[in-house]
Amino acid sequence: MLKTTPCEQDLEQQLDNILGFVTQPENTSVPIDNKKDEQSTLNKALYYLKNNQAPLAAKWMRLAAMAGNHRAQFYLGLFFVKGEGVPQSVFHAVAWLSLASSQGYAPATAAVTDIRKHIETKRFKDAQCYAASLYEQIHQLQFSHMIPRTSENT
């Protein structure tokens with residue numbers, strides 16, 4: 001291992017912590033606290049957003065959104081509206097905002113109403129269909145540990 005100063009060790013430890021979090025193997029025998037993970041991921045996204053690091057904020061926001069966090073879905077929709085850390089896309093904004101709105105998140109419902117006038121009806125409906133497929137993906141991820149796995153050799 002390289003000799004490092006205490007400051008470099010802090011940075012190295014932080015990188016190890018981040019890599020450990022991102023590459024953590026799935027252990028289905030331990031109960032998963034999804035709400036805690038969602039909030040932790042959302043907090044990381046908000047930290048990067050606060051520190052003007054939009055690409056990292058968008059990355060972590062998407063992870064929280066895919067974990068099912070409706071606030072993260074709302075924020076990710078706003079990222080697409082503004083083009084912060086992601087390409088600007090009204091289509092993707094509508095999709096993420098619709099997903100958050102479908103879970104009863106009132107600010108997302110208001111945002112979908114506001115953005116509706118900036119997108120053609122067909123594209124709006126397509127975005128809502130995309131939101132439905134995102135919903136399916138999210139719930140498949142959340143409940144995949146409950147699906148029994150069979151080996152091909154049995």
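**Exercise 1. In which hand does helix H3 pass helix H4?**

Let's work through this predicted model one step at a time.

*Step 1.* Start with the geometry: two packed helices are described by the angle between their axes and the distance between the axes. For H3 (residues 54-66) and H4, the angle is about 140° and the axes lie 8 Å apart.

*Step 2.* Roughly antiparallel needs an angle over 145 degrees, so H3 counts as oblique to H4.

*Step 3.* Now the hand: the crossing of H3 with H4 is left-handed.

*Step 4.* Look at who takes part. H3 brings Ala57, Ala58, Met61, Arg62, Ala64 and Ala65, while H4 brings Ala72, Gln73, Tyr75, Leu76 and Phe79. Sorted by class, this contact holds nine nonpolar residues, one polar and one charged.

**Exercise 2. Work out how H4 and H5 are arranged, and what kinds of residue join them.**

*Step 1.* Find the two helices: H4 covers residues 70-82 and H5 covers residues 90-102. Their axes come within 8 Å and cross at roughly 160°.

*Step 2.* That angle is over 145 degrees, and H4 and H5 are therefore roughly antiparallel to each other. Their crossing is left-handed.

*Step 3.* List the partners. From H4 come His70, Gln73, Phe74, Leu76, Gly77, Leu78, Phe80 and Val81; from H5 come His92, Ala93, Trp96, Leu97, Leu99 and Ala100.

*Step 4.* Sort them by class: ten are nonpolar, four are polar and none is charged.

**Exercise 3. Decide which parts of the model to read with care.**

*Step 1.* Take the overall picture: the protein chain has an average pLDDT of 79, and 68% of the residues score at least 70.

*Step 2.* Draw the lesson: where pLDDT is low, the predicted coordinates should not be read in detail.

Note on methods
Residues numbered from 1 in each chain as written. Predicted model: local features only at pLDDT ≥ 70, side-chain atom pairs only at ≥ 80, totals over all residues. Heavy atoms only, no water. Axes fitted to C-alpha atoms, helices over the stretch in contact; angles between N-to-C directions. Helix = DSSP H or I, 4+ residues; strand = E, 2+ residues; numbered from the N terminus. Parallel < 35°, antiparallel > 145°, perpendicular 65-115°, else oblique. Left-handed = near helix turned anticlockwise from the far one by under 90°. Contact = heavy atoms within 4.5 Å. Nonpolar A, V, L, I, M, F, W, Y, C, P; charged D, E, K, R; others polar. pLDDT = per-residue confidence, 0-100.
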